[in-house]
Amino acid sequence: MNQANQHNQYQQRQQALTPLARSESWDMLIIGGGITGAGIAREAARRGLAVLLIEQKDFAWGTSSRSSKMVHGGLRYIASGDYKTTLLSVRERERMLNEASGLVNEMHYVMPHYKGKFPPPWIFNTLLRVYDGLAGKRYSKYFKKDAFLLLNPHIKQDKFLGASQFSDAVTDDSRLVMRVLDEAIHDGAHAINYLKAESLIKNNQGLVVGATLEDTASQDSSQTYDVYAKVVVSATGAWADTLRMQASKQTAQTFHKQIRPSRGSHLVVSQERLPIQQAYTFLHPVDKRAIFVFPWENRTVLGTTDLDHPPLDETEVGITNAEVDYLLTATNDLFDDIDISRKDVISSWAGVRPLISEGGDGKRVSPSKEKRDHSVWLDNNLVTVSGGKLTTFRLIALDVLKVCQKVLELDESATQENVSYSSQVFSNQTPTNPKFTALPLPLQQRLRGFYGLQLDTLLELAHDDDLTYVTDSNTIWAEIRFATRYEQVIHLDDLLLRRTRLGLILPNGAMTPLISHRVKQICQQELGWDEQKWQQEADRYTQLWQRYYHLPAA
């Protein structure tokens, strides 16, 4: 490795930190680099505000890389009479399908019906007609028994009546965060990962005017920065109560916590073991909760659970043995002769949803019955947002900006052009790089959606052999090279679990000899990692993956 490459990661980090040298106050400091924080940064930057977003771990490290990957309206909200939430969610789903094709894609769902089991076809199809009406499109259809079994031979056939089909959408959630952040950065925002808001800064009146940030990118560094802003926004999801308590004048004993952390876990198996072309939704045979089995990234995903999670710290979250058994039981109950077991599991992931609790500990409903609404609070100049759904992140951002207007003047004239994903305005134009036209059409669409304005940069950077797929994944090697050069990769898990999803879909978290050797080469070329640094990162990642992204010890 040549001398020029030895300090690449250090130089990239120093460049990422340069906005912290700004002498004047920022208009907005956003704490939290998930989809909510990214959405707020995108809407604030397009209004001309000076925006700094920071994230204490990696972008999308929390819930926003561990969701069920679904962009959906929420059928269950109609069933509970909450038409408004469904209407807004369906409209956002349609917007994302139109503007971010390739990143957000339509997915068919089917609900199988069985004699004597809820819901009967007539009730479910009435619900679907309302759902289609809200979208303004006819997506749903009903399959009679024989027609459905012809296409779905593995499904349990005893007392089977037929199946209802409807449509929602699927995404890569952490890439969605990066795409929205990139739109914000294009409009002038700055975003830095591995910067922790250690404490809030208050003025003499007790109003929040900034935060002390600590660089957590390496264990050697404990550099701190005092950053001032006209308004500070906490978009830390399930961790929201921590900063709110700092901003309020209450003690830990008197502060009323609003966030109810709820864990949702998933399993990944191969398409060969469970071959499906569409998502299945059905009720778990034990507790009658809705479960999904769906295709994602050439694999099949089983999910999700919904369980109260202990108070959060800064460590990773993983699936439990009880959850593994719960998901396997549900899947094997729906499919005859498949018999999925622990040995079929490629990987797992678990995320913590920030539910806004409706009642005190003594009168709580189950996590599945809590509403998925978001809430925004203003405490002494700290604006806190939590709750809500991935699908409605843009609407959540707009609600946050309304509350920020109590502290900060906003230029609403910048919002007439309402498109969220700017490059899609020119979707008929071909990127100027000739490498693009040589790619297969599905890959062209995917790269457009994933990288937007950065697509030409990705193609220019790509070596000739980077434009091939990583084994049987949908990811090409050029994406790994682009992420290491331009997307603030600090650790190997940033690259394999969030910038790409190879750690979730390839055996051993993508650390098989052939794959890891080439990943290592790219990290050496782009980040300047020497042999010792690579080994440190590989060991750290392998331990992390085994503990939190595979299976717990039986």
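Analyst: Residue classes come first: Ala, Val, Leu, Ile, Met, Phe, Trp, Tyr, Cys and Pro count as nonpolar, Asp, Glu, Lys and Arg as charged, and the others, Gly among them, as polar. By these classes, the lining of the second largest pocket has 11 nonpolar, 17 polar and 12 charged residues. This is a predicted model, in which local features need pLDDT of at least 70 and side-chain atom pairs count only at pLDDT 80 or more, while totals for chains, interfaces and linings use all residues. Residues are numbered from 1 along each chain as its sequence is written, and side-chain values use heavy atoms, with hydrogens and water left out.

User: What makes H1 and H16 oblique to each other?

Analyst: The axes of helix H1 (residues 8-17) and helix H16 (residues 513-527) cross at roughly 60 degrees and come within 7 Å. Angles under 35 degrees count as roughly parallel, over 145 as roughly antiparallel, 65 to 115 as roughly perpendicular and the rest as oblique, and H1 and H16 are therefore oblique.

User: Which residues in H1 and H16 meet?

Analyst: With contact meaning heavy atoms within 4.5 Å, Asn-8, Gln-9 and Gln-12 in H1 meet Gln-525, Glu-526 and Leu-527 in H16. By class, this contact of H1 with H16 has 1 nonpolar, 4 polar and 1 charged residues.

User: Why is Leu-307 called partly exposed?

Analyst: Buried means under 20% relative accessible area and exposed over 50%, with partly exposed in between (1.4 Å probe, protein chains only). Leu-307 has a relative accessible area of 36%, so Leu-307 is partly exposed.

Notes:
Axes are lines fitted to C-alpha atoms, for helices over the stretch in contact, and angles run from 0 to 180 degrees between N-to-C directions. Helices (H or I, at least four residues) and strands (E, at least two) are DSSP runs, numbered from the N terminus.
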